[in-house]
Amino acid sequence: MQINSPQFKDNARIALADANLQKALGNLKAGFPGKRAAAVSRLPEFEQLRDQAQDIKNHAIENLDFYLETFESKVQENGGHVHWASSNDDACQTILDICRSVGARTVTKGKSMVTEEIGLNEFLQQHSIEPIETDLGEYILQLRNDHPSHIIAPAIHLNLPDVSEVFAEKHGTPRKDDPEALMQEARDVLRDHFVAADVGITGANFYVPETGSTIIVTNEGNGDLTQTLPKVHIVVTSIEKCAPTLEDLSLFLRLLARSATGQECTVYNTLSSGPRQPGDQDGPEQFHVVLVDNGRSDMVGDDLQDMLRCIRCSACMNHCPVYSQIGGHAYGWVYPGPMGSVLTPKMIGIHDAGHLPNASTFCGKCESVCPVRIPLPKLMRHWRETQHQQQTSPATGRIAIAGWAWLARHPRLYHWGSSIAVKAMHLLGHKKGRLSSLPIGRGWTLWRDLPAPQSASFQQQWANKKHKSKGTPS
Amino acid sequence: MSLARHQILSRIRKGLGRGALPEEKQQQLHAAMAQPQRNLVPQRAQAQGQAAIDMFVDMATEAVSEIIHINQVEQIPAHIDNLMGNDSRPLLLSQEPELTSLDWDGANVSTTARLAQKGDLISLTTCIAGVAETGTLVLKSNPKSPTTLNLLPDIHCVLLRKEQIIGGYEDAWDLVRQEKLPRTVNFITGPSRSADIEQKLQMGAHGPKRLVIFLL
């Protein structure tokens, strides 16, 4: 996938002015946060479950080598194969080799962000294998030659007419403006693909070392058809998606659906443990798991380790005031929102993704809804510090911070300067109580007014109060 | 790709500041996995008896499953006939004796034992449990009941006995563990759906459009 993260500021500006996008994003704001809150309020133990989930994920990461090896041997016991891939290229090549070994020409795909991350579709197409997305949102995007803008609601940036248009054009059918009719059309078209595909590729929400199983969580049932009908099922997942036991999985399932869509339970939670067994009439004859690293093992033991707990629920972006204004494409790569602002710099480099961790007000909403309590603002701050140390943050910002630091070490000058500035701003904004333009703060005042300060600084007011209270005996 | 395997494991161990786990610690973790400890099980998921049955019915209904209460299994064919209406496509029947032994001819229902395919109308299967906490059915793949029966037909009907209703997911895994692990375990909570177009929920995306539970 093309990386557009360096153009984040331009992307955001365009997104804010895009009326269709703003309309579509309204659906996100009106939906997910309220549904999550309602679901959480119905489960009194939710906060305790979050604590336990955090502990289980930390335990899994601290013993990740053990759990990966155990998972591998269990999959093999079940008659499946495990492939390890350090890089995106390794992962794509491994998948291509499996497809070629069975002479595959078409593959169906369940929704998988890891396959977006490794650029699988483009790679398969380059090698004459046709990947067909089967999740409704992903299918719409594939027809449009578009990419997901959200990790669980991939087509959230589109409106109904966008779908009507592309279906009529690509299917050669009369234009339909009813979502149900459009879904029925996709259902009919994709049925043939499910049956004809040689290989089915899905992601996995978790892998379970206890039983050598992977699990996918979907509402549509497309992932189930993808893995049941073809001869070969390939699971593409990443090394950190570990739920050590089925008991741990139960806990994560309770958190995932509620955090993601606000459902009590997603419609299909499907545990896959190897190829078809003796006597089974259906199911794949081969079961492969591709374990993708792509930089994750470097995060073990470093400042970003907490991010490895992420279960990809999307609660952080659903509640993010920045994401909900600009949508996912502005972030310029696969993972948007707060979790993307932490992960993307690791995966494509801080040089290209530098704007992302800065596109946050640090309101803390993301951390407050994260089911595994990832301190997302702290991790974004980590990247800001890295940029400052590498001197890759904007020079004006670094100079301003250095100036402020110098001033803060000279208290007299600081008080003198701040009292003059406060008075001046108070006078300037006197009539309205706010400032609509500032000589060096245009970036701020372009979009909103700055509240004008009161006539004295906090420290002056404090000193005055103290002085007064001394004068009046209690 | 054994080189990648070596590299990934080495990087993880380097990050953790240790080599491979000592044998003793590995044995400990294996033992913990052999006797998995339950995490906090929400009170709701500990329901039993009539309370669990009531909760199952409420939660399944909320998830848009259709519940048909029956007193005896012999009532099923007439209900199936009703669901089929005038459609002549056959019922896909999973081959458990308690289902195949029913009087299908008497109810004028034609049945077939094959795998499901595109264009099928209706199927009937059993399940191993109903989970009260979310109204979820638990099905295991097995030679008598191909997984496609749960996924491809427009209407999926499931026989659930009240004594099969359990409180939470943990109870379902205990049942699964009693026998050899099947190829797949399906937790199914209602009919297929999608909200991918403008976040408006539509029923019947790729899986069944209706999920009918015969509660015995």
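1. In chain A, the bridge partner of A:V107 in strand β3 is A:P131. Strands here, like helices, are DSSP runs numbered from the N terminus (strands E, at least two residues; helices H or I, at least four), and two strands pair if DSSP finds at least two bridges between them.

2. The model is predicted: local features need pLDDT of at least 70, side-chain atom pairs count only at pLDDT 80 or more, and totals for chains, interfaces and linings use all residues. Residues are numbered from 1 along each chain as its sequence is written, while chains are lettered from A and ligands numbered from 1 in the order in which they are written.

3. β2(A) and β3(A) are part of an open sheet of six strands in chain A, in the order β1-β9-β7-β4-β2-β3, with parallel pairing. Its edge strands are β1 (81–85) and β3 (130–133) of chain A, each of which pairs on one side only. On average, neighbouring strands of this sheet are turned by 25° against each other, direction ignored; the axes are lines fitted to C-alpha atoms, and angles run from 0 to 180 degrees between N-to-C directions.

4. A further set of strands in chain A is antiparallel. Strand β5 (residues 206–208) of chain A pairs with β6(A) over three bridges in the antiparallel sense, and the bridge partner of A:Y207 in β6(A) is A:T214. The two strands form a hairpin with four residues between them, and in the turn A:G212 has a positive phi of about 65°. β6(A) also pairs with β8(A), again in the antiparallel sense, over five bridges; there the bridge partner of A:I215 is A:L271.

5. How many residues of strand β6 (residues 213–218) of chain A are buried? Six of the six are, so the strand is largely enclosed by the rest of the structure. A residue is buried if 20 or more other C-beta atoms lie within 10 Å of its own, exposed if 12 or fewer, and partly exposed in between, with C-beta atoms placed from the backbone. A:S213, A:I215 and A:V217 point one way from β6(A), A:T214, A:I216 and A:T218 point the other way, and all are buried. In a regular strand the side chains alternate between the two faces of the sheet.

6. Strand pairing also crosses between the chains. Strand β8 (residues 268–272) of chain A is joined by five bridges to strand β9 (residues 184–188) of chain B, and the two run antiparallel. In this pairing A:S272 stands opposite B:T184 in β9(B).

7. The contact between the chains takes 80 residues from chain A and 59 residues from chain B; two residues are in contact if their C-beta atoms, placed from the backbone, lie within 7 Å. On the side of chain A that touches chain B, the largest share, nine residues, comes from helix α10 (residues 179–196) of chain A. The residues of that side divide into 31 nonpolar, 29 polar and 20 charged. Ala, Val, Leu, Ile, Met, Phe, Trp, Tyr, Cys and Pro count as nonpolar, Asp, Glu, Lys and Arg as charged, and the others, Gly among them, as polar.

8. Helix α16 (residues 337–348) of chain A has 12 residues and reaches 16 Å from its first C-alpha to its last, close to the 16 Å expected at 1.5 Å a residue; the expected span is 1.5 Å times one less than the number of residues. The buried residues of α16(A) pack against α14 (315–318), α15 (323–326), α17 (350–353), α18 (365–369) and α19 (376–389) of chain A. Just after the helix, A:G349 takes a positive phi of about 100°.

9. A:N294 has a positive phi near 45° and lies in the loop between β9 (286–292) and α13 (296–299) of chain A; A:N294 is buried, with 20 other C-beta atoms within 10 Å. A:F362 has a positive phi near 55° and sits in the loop between α17 and α18 of chain A; A:F362 is partly exposed, with 13 other C-beta atoms within 10 Å.

10. Chain A as a whole has 23 helices and 11 strands, and buried residues make up 50% of its 474 residues. Chain A is divided into domain 1 (1–42 + 314–393), domain 2 (45–298) and domain 3 (398–471), with bounds from an automatic or database domain assignment. The C-alpha centres of domain 2 and domain 3 of chain A lie 54 Å apart.
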